[in-house]
Amino acid sequence: MNEDYLWDKSGEPDPEIQQLEEILGTLRYQPKPFEMPRDVPAPRRRSYFPLLAIAATLLVALLAGGIWLRVRTRNEPQPQYVQLPAPPVEEKPIAREPEKTPTAPKQSVAANRVPRKRSSAPVLSTREREEALAAKQQLMIAFRLASEKLNLVHKRTQSTSPNQIKNQHRVG
Amino acid sequence: MKILLISLLLIFAPAIVTKAQDSRIQMSSLDHLVAKASQTIDVNIDERLIRISAKFLSNDDPDEKRVKELVNGIKGIYVKSFEFANDGEYSPADVESVRAQLRGPGWTRLVGVTSKKDGNLEVYLLLEGEKVGGMAVLHTDDRELTVVNIVGPVDLDKLAALDGHLGIPDLGIEKPKAKKDEQ
């Protein structure tokens, strides 16, 4: 039997093979244009609008916050110092290195030392230090004044008749 | 659109509430009195300055320690005090500009005292629920106008206890003379 027919369909075909070809030929691939089934739902495009809206809102809020902070910082009144004779401010050695006295040169010796604790005093520039001291002075004066007024109220409420005291009056 | 509105509301609502509860009083309307006053105290200390100055308050000094405790949490201290050489140098409108703010929401007048000798003294508190969110003292006399505004939680007892402890010069504020019936 010539088997060339099985390879390249040349030569004399075998009747059984021909029969098989006829039977299986019905299942052969037949090219035809693709048709979309009508019952398949069309895919919906995902909507990004809510996400975009949230992102835009956050962006606007951040921008508004930034602008507000900048304007607020610009409009913040600079501290004015009290027009009073300055009380003597006790000078305290803050963030200042102790004065070095001339001593004999130290010999460098390697040793396990416990690291020195850092001073809790803030390291500030001269300008910041002056500003802080002035603020401290103002702070003390403000508290002194507030305290005096409160004590004056206290004394007055102790000494005046109840008719003169309008106490616990809710406003607004 | 609905999401946008809700997002905006959620973002800005806390800011609106915070602004409404701000206990700082605007006192710039009193600035013109500086020219008329014989003595002026003008203190503007914001949170940053309080933080810086608090670092210079010593724990070893009992007075400074008291102030340091008192300052904790306070966001600002603003004082304007004018003393005049003559009566009637300031107008009722000046006082009203401050008092009107103290009629705002949240403010409660704790006590008001009228005295011929010491004038009018009023203490206001900004209450945030159970907590004190700020304090204001308004003192008006024939020759004096003083506004003290503390922003933030204030312990009134501790503040009152400071009087006479702080080692700073007397501000010249006349205190009522001690009388036997006041004791």
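This is a predicted model: local features need pLDDT of at least 70, side-chain atom pairs count only at pLDDT 80 or more; totals for chains, interfaces and linings use all residues.
User: Where do I start? How many helices and strands are there in chain A?

Analyst: Chain A has four helices and one strand. From the N terminus on, the order is α-α-α-α-β.

User: And which pattern does chain B follow?

Analyst: Chain B holds five helices and six strands. Along the sequence they read α-β-α-α-β-α-β-β-β-β-α.

User: What share of each chain counts as buried?

Analyst: Take chain A first. Of its 172 residues, 23% are buried. Chain B has 183 residues, and 47% of them count as buried. Chain A exposes about 15400 Å², with 55% of it from carbon and sulfur atoms. Chain B exposes about 9300 Å², and carbon and sulfur again supply 55%.

User: How do I read contacts against the sequence?

Analyst: Ask how many positions separate the two partners. In chain B, take the contacts between residues at least 6 apart; 64% of these join residues at least 24 apart. In chain A, 61% of the contacts with a separation of 6 or more are between residues 24 or more positions apart.

User: How do I describe two packed helices?

Analyst: Two packed helices are described by the angle between their axes and the distance between the axes.

User: Which residues make the contact?

Analyst: From α4(A) come Lys136(A), Leu139(A), Met140(A) and Phe143(A). From α3(B) come Glu64(B), Val67(B), Leu70(B) and Val71(B). By class, the contact of α4(A) with α3(B) has six nonpolar, no polar and two charged residues.

User: At what angle do α4(A) and α2 of chain B pack?

Analyst: Helix α2(B) covers residues 47–54. It packs against α4(A) at about 100 degrees, with the axes 8 Å apart. That makes this pair roughly perpendicular. On the α4(A) side, the contact uses Glu128(A), Glu131(A), Ala132(A), Ala135(A), Lys136(A) and Leu139(A). They meet Arg48(B), Leu49(B), Ile50(B), Ile52(B) and Ser53(B) in α2(B). The classes here are six nonpolar, one polar and four charged.

User: Which residues of α2(B) are buried, and what covers them?

Analyst: The buried ones are Leu49(B), Ile50(B), Ile52(B), Ser53(B) and Ala54(B). Their cover includes α4 of chain A, along with β1, α3 and β2 of chain B.

User: How do I read a nonpolar core?

Analyst: The largest nonpolar core has 36 residues. Leu139(A), Phe143(A), Ile77(B), Ile150(B) and Leu159(B) touch the most other members. Helix α4(A) gives the largest share, eleven residues.

User: What is Leu159(B) in contact with, leaving aside neighbours within four places in sequence?

Analyst: In chain A, Leu159(B) touches Phe143(A), Ala146(A), Ser147(A) and Leu150(A). In chain B, its partners are Leu70(B), Met135(B), Ile150(B) and Val154(B).

Terms used
Residues are numbered from 1 along each chain as its sequence is written. Chains are lettered from A and ligands numbered from 1 in the order in which they are written. Side-chain values use heavy atoms; hydrogens and water are left out. Contact means heavy atoms within 4.5 Å. Helices (H or I, at least four residues) and strands (E, at least two) are DSSP runs, numbered from the N terminus. Ala, Val, Leu, Ile, Met, Phe, Trp, Tyr, Cys and Pro count as nonpolar, Asp, Glu, Lys and Arg as charged, and the others, Gly among them, as polar. Buried means under 20% relative accessible area, exposed over 50%, partly exposed in between (1.4 Å probe, protein chains only). Accessible areas come from the Shrake-Rupley method with a 1.4 Å probe; for residues, only the protein chains shown count as cover. A nonpolar core is a set of buried Ala, Val, Leu, Ile, Met, Phe, Trp, Tyr and Cys residues joined through side-chain atoms within 4.5 Å. Axes are lines fitted to C-alpha atoms, for helices over the stretch in contact, and angles run from 0 to 180 degrees between N-to-C directions. Angles under 35 degrees count as roughly parallel, over 145 as roughly antiparallel, 65 to 115 as roughly perpendicular and the rest as oblique.
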